[in-house]
Amino acid sequence: MILSALTDLWHGFEVIFGPPYLWHFMPYYLVFTFLGVLIGNIVGVLPGMGVLATISILLPLTFGMKPVAAILMLAGVFYGAQYGGAICSILLNLPCHPPHAVTCLDGYPMTKQGRGGVALGITVIASFVGASWGIMEMTFLAPVLVQVALKFGPSEVCSLMLLGLLAGSTLARGSPIKGVAMTVFGLLLGIVGADIETGTPRFAFGLTELDDGVEIVALALGLFGIAEFMNTVNQTAPINTKYTNVKLRDMWPAKADFRRAFWPMWRGTWIGSLCALIPGTGPTIASFVSYAVEKKISRTPERFGHGAIEGVACPEASTHSSVQGDFIPTMSLGIPGDAVMALLLGALTIQGIVPGPQLISQHPDVFWGLVASFWVGNIMLVILNVPMIGIWVKLLTIPYRYLYPSALFFICIGVYSTNNDMFQVGETIAIGIFGYILLQLGFHPAPILLGFVLGPRFEENFRRAMLISRGDLLVFVERPISAFFVSLCVLLILAQIFVRLRTNGRSKVDEVIPRAAE
Amino acid sequence: MEPLRNLLTQKKDYYAGGLMTLIGVGSVLEARHYNVGTLFHMGPGFFPIILGVTMTCLGILIAGVAAMAPAVDDDQLIIPKPEWRAWACILAGPILFIFLGNLGGLIPATFACVFVSALGDRESTVKSALVLAVGVTVCGVALFSYLLQVSLPMWRWGAL
């Protein structure tokens, strides 16, 4: 088992480096990995730019590429942004990327004490450790998971999707009921277009442009581009550049710092890799949980919040191991854990690759090429982040008034080029306005994307399961694996009700993020 | 003004629940026209109706929970400072892109989109917006017209 995984990984390296006799030519896939992590790192550093918006802008550009190049570039943006996001949190105290909000709590005090460089240095080390663990987990665990998942029939797939959707919407930020409502809204949007079996146009309201369904790029850019800009414009705090003068030689942590951060780093890594396996708990939850655990078991909890290096190392390691581990359910089961993964699955589908347990065996190039690109990409990121720290720090000072108009242009041309049709741009504007209303009403729009991507496959499997069981709903609880997933769903709902009754419905992640933002 | 004020100081979750109920009822009403079928042989209308009913229940639940919970400060639907100018500019940018893209091509569309939306930020000046718009237009044309060969022509006159 281990041996076969290693051989496959070697195959992955062959895919991205090309066969040995071609090595003196340009390594095509390496260039796209580099582009992905570079763009990700830049976006992570820029305050006010989101990973989701960036991936959706790049998505139309990947239509003409080979599937491997497309997916490893888009994935590179995701984990590359995590490296950049930490810089923003530590030096500016701006939690522009939710997973790094917790890092502000101890990272910024360290910066104020003049130890910002050390915090960044330990972040890079912790990130690499976390990411490496996550990639190893993916290398060895995903093939095992696939073996189990290949035995699933439509009813199992259906109840697993239900679990994924429920977890994705209730464990994320904000009120769980609103999260579920957003997921259902996403499922409804996924229905728009011709029915797969009969071809009847549904929810198209006579617009022929809607017969192919809502365009995923338009949906993502409306929700995470236009709506987000309307929400953020003129609300950004002035950027405080007092502490951003970090040099390379400040970054190497002292021996004492390193010793202190060593075990928290590993504990963070393990917590992150566990969180990655539970659907719906992405990097944000992982970093929050690991920070809380570290504070609890520390002998000197009073140092936390005043520049404790453990408080930087632990959540950062856990974010990165969770980010890499997030790909496991996505690539091996076809169940995305959060909106970014949903978008990547959408990208795969556009390339004509059906996500699900058969992906690894049918497209080994895509899967193992991706895993190999993770190793290469993370090493690139370490190299990018250590010597070039001066450049990233300069990027922090770009004001928002230059960013969002440029981004709006990229959104327009990106959406236009999906179908060479201005209708899509109009669709994006309409979705953007609606998304802004949702934001104002206290909804978090990320689960919409989750429902939208899973919706068509959910309906298809539900219909097939009902056809096989002759319309007997009990099939979901009679088959043991399906019953297991259904009972997990019930448990999840009961736990949510219990927590709500005890804490009056406010999730702890929400409490920490505004506090860090102050 | 008084009734409007009263309306705005309601809990925002009433509106949130109301909106979700509206979407739910709307989808049920629309999906009624499709063939519903039975659980055994589902038609195209079956799944939308399930979702619509679920959505309606969720909407009622959101509003109901809000009615039970004690009021908290950030519950009310009062937008702190309405940013009318910023909103208008951000939306006008892409709208101008659609019209000018159809009428004049990529260059005028890009310029107008960036210039107008940049004016939405309070710290922007006409000069800074102009510089940004010229910069983005030059880079955008180089990237999209020459490098990526987007089908939108750089210039064209009038034809839709």
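# Report on a predicted two-chain model

A:A204 touches A:V192, A:G193, A:L210 and A:D211 when residues up to four places away in sequence are left out, a contact being a pair of residues whose C-beta atoms, placed from the backbone, lie within 7 Å. The model is a predicted one, in which local features need pLDDT of at least 70 and side-chain atom pairs count only at pLDDT 80 or more, whereas totals for chains, interfaces and linings use all residues. Residues are numbered from 1 along each chain as its sequence is written, while chains are lettered from A and ligands numbered from 1 in the order in which they are written.

## A loop of chain A

A:A204 lies in the loop between strand 2 (201-202) and helix 9 (216-232) of chain A, where helices (H or I, at least four residues) and strands (E, at least two) are DSSP runs numbered from the N terminus. A:A204 counts as partly exposed because it has 17 C-beta neighbours inside 10 Å; a residue is buried with 20 or more other C-beta atoms within 10 Å of its own, exposed with 12 or fewer, and partly exposed in between, the C-beta atoms being placed from the backbone. Its C-alpha atom is separated by 9.3 Å from that of A:V214, which is 10 residues apart from A:A204 along the chain.

A:D211 is placed in the loop between strand 2 and helix 9 of chain A, and it touches A:G193, A:A194, A:P201 and A:A204, again without counting residues up to four places away in sequence. With 13 C-beta neighbours inside 10 Å, A:D211 counts as partly exposed, and the C-alpha atoms of A:D211 and A:T200, 11 residues apart along the chain, are separated by 9.2 Å.

Elsewhere in chain A, A:N420 sits in the loop between helix 18 (400-419) and helix 19, and has a positive phi of about 50° although it is not a glycine. Most residues other than glycine have a negative phi. A:N420 counts as exposed, with 10 C-beta neighbours inside 10 Å.

## Confidence in chain A

Chain A averages a pLDDT of 84, and 94% of its residues score at least 70, pLDDT being the predictor's confidence in each residue, from 0 to 100. Among the elements of chain A, helix 19 (residues 422-440) has the highest mean pLDDT (92) and helix 23 (residues 508-517) the lowest (45). Over residues 511-518 of chain A the pLDDT stays under 50, and the model has 13 contacts beyond four places in sequence for this stretch. Where pLDDT is low, the predicted coordinates should not be read in detail.

## Two helices and their surroundings

The expected span of a helix is 1.5 Å times one less than its number of residues.

| Helix | Length | Span, first to last C-alpha | Expected span |
|---|---|---|---|
| Helix 14 (339-350) of chain A | 12 residues | 16 Å | 16 Å |
| Helix 3 of chain B | 23 residues | 33 Å | 33 Å |

Helix 14 of chain A is mostly covered, with 10 of its 12 residues buried, and the elements that cover its buried residues include helix 3 (51-58), helix 4 (67-92), helix 9, helix 13 (327-333) and helix 20 (446-468) of chain A. After helix 14 of chain A comes A:G352, whose phi is positive, near 85°.

The buried residues of helix 3 of chain B include B:F46, B:F47, B:P48 and B:L51. Their cover draws on both chains, including helix 8 (176-191), strand 2 and helix 20 of chain A together with helix 2 of chain B.

The secondary structure of chain B comes to six helices and zero strands, and 38% of its 160 residues count as buried. Among contacts in chain B between residues at least 6 apart in sequence, 64% join residues at least 24 apart.

Helix 4 (residues 84-103) and helix 5 (residues 106-118) of chain B pack at an angle of about 170°, with their axes 8 Å apart; axes are lines fitted to C-alpha atoms, for helices over the stretch in contact, and angles run from 0 to 180 degrees between N-to-C directions. Helix 4 of chain B is therefore roughly antiparallel to helix 5 of chain B, as angles over 145 degrees count as roughly antiparallel, under 35 as roughly parallel, 65 to 115 as roughly perpendicular and the rest as oblique. By class, this contact of helix 4 with helix 5 of chain B has 13 nonpolar, three polar and no charged residues, where Ala, Val, Leu, Ile, Met, Phe, Trp, Tyr, Cys and Pro count as nonpolar, Asp, Glu, Lys and Arg as charged, and the others, Gly among them, as polar.

The contact between the chains takes 55 residues from chain B and 50 residues from chain A. On the side of chain B that touches chain A, the largest share, 11 residues, comes from helix 4 of chain B, and by class that side has 37 nonpolar, 12 polar and six charged residues.

Note on methods. Contact = placed C-beta atoms within 7 Å.
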